[in-house]
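Please follow the path of the chain through one part of this fold, and then step back to consider the protein as a whole.

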Amino acid sequence: MTSSAASMPTINRAVRLASRPHGEPTSDNFVLDDEPTAEPGPDELLLRTIYLSLDPYMRGRMSEAESYAVPVPVGGVMEGGTVCEVVATRSDLYEVGDIVLAHTGWQQYAVASDKAVRRIDPARAPITTALGVLGMPGFTAYAGLLVIADPQPSETVVVAAAAGPVGSAVGQIARIKGARAVGIAGGPDKVAYVKDELGFDEAIDHRAPDFVDQLAAATPGGIDVYFENVGGKVFEAVLPRMNEFGRIPVCGLVSQYNATGTPEGPDRLPALMNRILVRSLTVRGFIQREFVRLHYRPFQEEMGDWVAQGKIRYREHVVEGLDNAPDAFVGMLKGTNFGKLLVQVGSDPTTS
């Protein structure tokens, strides 16, 4: 029997992929669509989206290029992580009013299996954190840094996009583990935030004309761990400063997501491979889901404690309204957001 907290919604608004972008996405690559709301079947839930997470990996889903996941089909709902309220249920596991973490994409309502969601406790932390510091971005930082890089006390850890949800967590975890944290960010406001509010040892601006010199001054003993999520000129500046036996976890290459061809100039691959060889570097690409089985529960416990104790701080950038998601996403790829980017799709019952 389906139960409901109110009358069943009849119309669902969704953002669909209208066309595949060539280079930078634009609002023309998205289309808003109204359709009838689906009804849950056995062991399913009807979910109302409260918050939608916008993340750089979504740019890859818009492309047909080879990747670790199937692309969103043209005409399909853009995918993404969500925090939702259960508004109807045919499951014994969840009740109407429960708040859950789901992956229902850019839409107001969605039907999901009761096995595909996870209950969120609003009393533990704001429910937005399930999409940020206590969710996929936080876990990416935690697993990539601690499992792959394993920073030791007094080692130097450098991370780009240090004001973002992954980079900010990387540097703060490094500090907790006794390492020295150097953050790279874009613009003076973000640099000040990384240094003054997040407590990194050093923070530098990759837009500064003397960026390479600033990086050298901030890492006088070289770099032991570089947490890679940007690529491009930042990686080119970091690579020569990597110490012997350095580790480079690679979770993203946001500077390259809009590329339409190979970079101009000389082939840099031989120099890269030579540096990996002579410095005995470990370069390890990863997707956070590979660590879920062994490390997600420890992450939830440890990161939850750090956040509650104020050892890990975070910032959120919330955009109002599903209709504004495309423009917010395009802006994110240009670095206009400041903190974890979320779209508030519907009212939040935990703050009202």
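In this predicted model, strand β9, which covers residues 156-159, pairs with strand β10 in the parallel sense, and the pairing extends over 4 bridges. Within this pairing V158 stands opposite V182, a residue of β10. Between the two strands comes helix α3, formed by residues 165-176, and together β9, α3 and β10 make a β-α-β unit that is right-handed.

On leaving β10 the chain crosses through helix α4, residues 188-197, to reach β11, and this β-α-β crossover is again one of right-handed sense. Strand β11, made of residues 202-205, runs parallel to β10, and the two are joined by 4 bridges. Here the bridge partner of I184 is I204, which lies in β11.

The cysteines can be considered next. A disulfide is a covalent bond between the sulfur atoms of two cysteines. How many disulfides does the model contain when sulfur atoms must lie within 2.5 Å of each other? By this rule the count comes to 0.

Turning to the whole protein, its secondary structure comes to 9 helices and 16 strands. The radius of gyration is 21 Å, close to the 20 Å that the globule rule gives for 352 residues, so the protein is as compact as a globular protein of that length. Along its principal axes, the C-alpha trace spans about 65 × 45 × 35 Å.

Burial and contacts complete this picture. Of the 352 residues, 51% count as buried, and among contacts between residues at least 6 apart in sequence, 68% join residues that are at least 24 apart. The accessible surface of the protein comes to about 16300 Å², and carbon and sulfur atoms account for 51% of that area.

Terms used
Residues are numbered from 1 along each chain as its sequence is written. This is a predicted model: local features need pLDDT of at least 70, side-chain atom pairs count only at pLDDT 80 or more; totals for chains, interfaces and linings use all residues. Side-chain values use heavy atoms; hydrogens and water are left out. Two strands pair if DSSP finds at least two bridges between them. A crossover is right-handed if, with the strands pointing away from the viewer, the path from the first strand over the helix to the second runs clockwise. A disulfide is a pair of cysteine sulfur atoms within 2.5 Å. The radius of gyration is taken over C-alpha atoms; the globule rule is 2.2 Å times the number of residues to the power 0.38. Buried means under 20% relative accessible area, exposed over 50%, partly exposed in between (1.4 Å probe, protein chains only). Contact means heavy atoms within 4.5 Å. Accessible areas come from the Shrake-Rupley method with a 1.4 Å probe; for residues, only the protein chains shown count as cover.
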